Amino acid sequence: MLLRATPRTAPVAALALGIAVVLAVAGCGKKVDRADAPAMDQAESVAMSAPVPAMESKTYFLQEAPVAANTENYEKIAANPIHRVAEQPVSTFSIDVDTGSYANVRRMLAAGELPPKDAVRVEELLNYFDYGYPKPASRDTPFQVTTELAPAPWNAKHVLMQIGIQGYDVDKAELPPANLVLLIDTSGSMDEPDKLPLLKKAFAQLVPQLRAKDRISIVAYAGSAGLVLPPTPGDRGGEILAALDNLAAGGSTNGGEGIQLAYAVARQAFVDGGINRVLLATDGDFNVGTANQEALETLVADQRKSGIALSTLGFGTGNYNDAMAEQLADVGNGNHAYIDSALEARKVLVEELGSTLLTIAGDVKVQVEFNPAVVAEYRLIGYENRMLKREDFNNDKVDAGEIGAGHDVTALYEVTLVGSGGESVDPLRYGKGSEATADAKAPRAAAGDAKSGELALLRLRYKRPGENDSRLIETPLLRKDIAGEPSERLRFAASVAAFGDLLRGGTYVGQDFGWNGVIGLARGARGDDRNGYRGEFLQLAQTASSLQASGPVKGVAVAGE
């Protein structure tokens with residue numbers, strides 16, 4: 001602010017400057033509620049009413065206090081490219097049931113900010129929503145696979161292929177005994193309303209879901225880690241809530257020591273055949289102790305092998321380390337969620353308690369082999385940090401994602417059929433798939449022609465809990481099953497995928513479809529929406545459209561840059 005003093009206004013300027021200095025000094029100390037400020041004594045009153053001497057004309061610059069740097073950290077993501085089937089016919093990836101990216105993006109949009117593009121993981125946006133997939137007929141196979149093919153809303157020459165995996169559900173009363181360790185960050189940075197206070201409210205919603213056969217422990221970490229609550233029966237809710245309520249923020253963040261203590265407590269109360277899981281709740285980085293991410297991932301992976309899973313819950317703004325939280329949950333056979341409100345806490349810890357805690361299938365991998373006689377190109381939408389090598393699919397030693405009870409997983413491919421005129425990549429002149437090698441490939445081409453009705457072969461591998469050998473499911477996808485119009489389910493999934501692409505720069509959806517296309521598609525596919533999640537998404541799309549029209553957003557830290 002600029003304040004210019006003149007001989008006529010000099011007394012006022014001096015008084016204003018004096019008050020500003022007093023306020024600036026006072027601002028350096030503890031915050032004082034104005035209602036609690038002591039009244040001025042008589043001497044102070046006289047001093048304030050005394051005439052202020054005149055002063056010469058000067059210009060004063062009152063500077064605003066510096067804004068704290070945003071140190072939020074996101075793993076760099078390069079969007080999956082378009083592949084020519086003749087050159088790379090097989091796509092392999094691990095499933096992902098995380099939803100943290102969606103809630104985090106929602107938090108930023110609600111604050112009037114566009115998210116940095118690397119905060120947007122499209123698969124986590126897709127998997128935030130329930131698409132009403134059919135449930136498995138029995139628990140012999142822990143999930144049911146559903147597929148759909150229809151024209152892409154943003155490009156009529158392309159086809160969207162939706163893969164839905166729906167796990168069987170378990171009533172809360174039927175869940176096995178749970179041994180849960182709440183690992184809570186109580187460092188000084190957690191002393192914000194959207195951090196430790198919200199964390200307490202979140203876990204308070206979990207407590208009524210616990211039963212006498214469950215055991216819950218609390219480990220807190222700041223400068224050092226400590227056991228706040230030893231393993232306690234779940235029906236002793238008063239003790240658990242009192243322990244939560246007594247938590248206070250202060251100190252630095254020794255997350256490595258906290259994780260080690262949490263696992264030690266989990267081993268002490270280990271339940272054979274039950275749920276054994278550490279729930280790590282934090283706002284940011286581990287800045288003392290075992291802070292190296294590779295060392296933390298090794299520790300978590302070793303404990304995973306012993307039957308103790310790790311899930312992560314992110315809180316707060318400004319220093320949130322999304323990259324570490326998401327990767328630790330991945331390595332720990334757990335799931336990652338971001339809690340931006342008490343309503344989100346209820347969704348994760350109450351409505352989806354079974355899927356959050358109970359794993360019904362492990363190391364779930366997806367592999368799609370496209371038929372080059374039918375499909376020219378394909379692109380997997382999202383799952384960039386879940387991609388696997390082709391040979392990893394049959395290797396049971398390679399870790400992959402887990403499905404919890406009642407969880408559903410969605411994946412979308414955008415494919416281009418041979419002869420559609422929608423190809424984006426020119427064929428190679430030399431090498432695989434070129435005319436020069438056509439004769440050498442004749443036997444294979446003939447085999448492909450024999451299956452000209454098949455668009456692709458979908459393969460899934462998974463392990464039942466406690467088993468070391470995977471099981472295989474194969475499902476051919478037929479060209480004749482391409483529908484003329486996408487269903488409500490696929491339309492909504494497509495709107496979410498386009499929403500994510502536009503937030504990341506609109507590389508594949510394009511401005512011709514744009515935000516109006518996303519909003520129109522989502523509005524026409526709201527369906528039942530009993531929880532209001534789809535309606536909320538529609539509002540977020542409208543907000544993002546307005547913000548993107550206003551101009552670029554400042555970025556934040558990206559891991560590896």
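How closely do the axes of helix H14 and H15 come, and at what angle do they cross? In this predicted model, the two axes come within 9 Å and cross at roughly 170°. The chain holds 561 residues, of which 50% are buried, and its secondary structure comprises 15 helices and 20 strands.

**The chain as a whole**

- The accessible surface amounts to about 25,900 Å², and carbon and sulfur atoms account for 52% of that area.
- Of the contacts between residues at least 6 apart in sequence, 80% join residues at least 24 apart.

**Helix H15 and its partner H14**

- Two packed helices are described by the angle between their axes and the distance between the axes.
- Helix H14 spans residues 514-523, and helix H15 spans residues 533-550.
- The axes of H14 and H15 cross at roughly 170°. Angles over 145 degrees count as roughly antiparallel, and H14 is therefore roughly antiparallel to H15.
- On the H14 side, the residues that meet H15 are Trp515, Val518, Ile519, Ala522 and Arg523.
- On the H15 side, the residues that meet H14 are Phe537, Leu538, Ala541, Gln542, Ala544, Ser545 and Gln548.
- By class, the residues of this contact divide into 8 nonpolar, 3 polar and 1 charged.
- Asp529 is located in the loop between H14 and H15. Its phi is positive, at about 50°, although Asp529 is not a glycine.
- The relative accessible area of Asp529 is 18%. The limit for a buried residue is under 20%, so Asp529 is classed as buried.

**Helix H15 and its partner H3**

- Helix H3, residues 100-110, also packs with H15; their axes are 10 Å apart and form an angle of about 50°.
- This angle makes H3 oblique to H15.
- The crossing of H3 and H15 is left-handed.
- H3 contributes Tyr102, Arg106 and Leu109 to the contact.
- H15 contributes Tyr533, Glu536, Phe537, Leu540, Thr543, Ala544 and Leu547 to the contact with H3.
- This contact comprises 7 nonpolar, 1 polar and 2 charged residues.
- Phe537 and Ala544 of H15 take part in the contact with H3, and Phe537 and Ala544 are also among the H15 residues that meet H14.

- Thr99 lies in the loop between strand S5 (90-94) and H3.
- With a relative accessibility of 9%, Thr99 counts as buried.
- When residues up to four places away in sequence are not counted, Thr99 touches Glu124, Asn127, Tyr128, His336 and Ala337.
- Two of these partners, His336 and Ala337, fall within strand S13 (336-338).

- Which residues of H9 are buried? They are Asp322, Ala323, Met324, Ala325, Glu326, Gln327, Leu328, Ala329, Asp330 and Val331.
- Because 10 of the 10 residues of H9 are buried, this helix is largely enclosed by the rest of the structure.
- H9 is followed by Asn333, a residue of the loop between H9 (322-331) and S13.
- Asn333 has a positive phi of about 55°, although it is not a glycine.
- The relative accessible area of Asn333 is 17%, and the residue is buried.

- Ser341 is positioned in the loop between S13 and helix H10 (342-351).
- Is Ser341 buried or partly exposed? At 24% relative accessibility, Ser341 counts as partly exposed.
- Ser341 and Ala202 are 139 residues apart along the chain, and their C-alpha atoms are separated by 8.3 Å.

**Leu229 in strand S10**

- Leu229 belongs to strand S10, which covers residues 225-233.
- Its relative accessibility is 7%, so Leu229 counts as buried.
- Apart from neighbours within four places in sequence, Leu229 is in contact with Ile216, Ser217, Ile218, Glu239, Ile240 and Ala243.
- A distance of 9.8 Å separates the C-alpha atoms of Leu229 and Ala242, which are 13 residues apart along the chain.

Conventions:
Residues numbered from 1 in each chain as written. Predicted model: local features only at pLDDT ≥ 70, side-chain atom pairs only at ≥ 80, totals over all residues. Heavy atoms only, no water. Axes fitted to C-alpha atoms, helices over the stretch in contact; angles between N-to-C directions. Helix = DSSP H or I, 4+ residues; strand = E, 2+ residues; numbered from the N terminus. Parallel < 35°, antiparallel > 145°, perpendicular 65-115°, else oblique. Left-handed = near helix turned anticlockwise from the far one by under 90°. Contact = heavy atoms within 4.5 Å. Nonpolar A, V, L, I, M, F, W, Y, C, P; charged D, E, K, R; others polar. Buried < 20%, exposed > 50% of the residue type's maximum accessible area, 1.4 Å probe, protein only. Areas by Shrake-Rupley, 256 points an atom, 1.4 Å probe, with all protein chains shown as cover.
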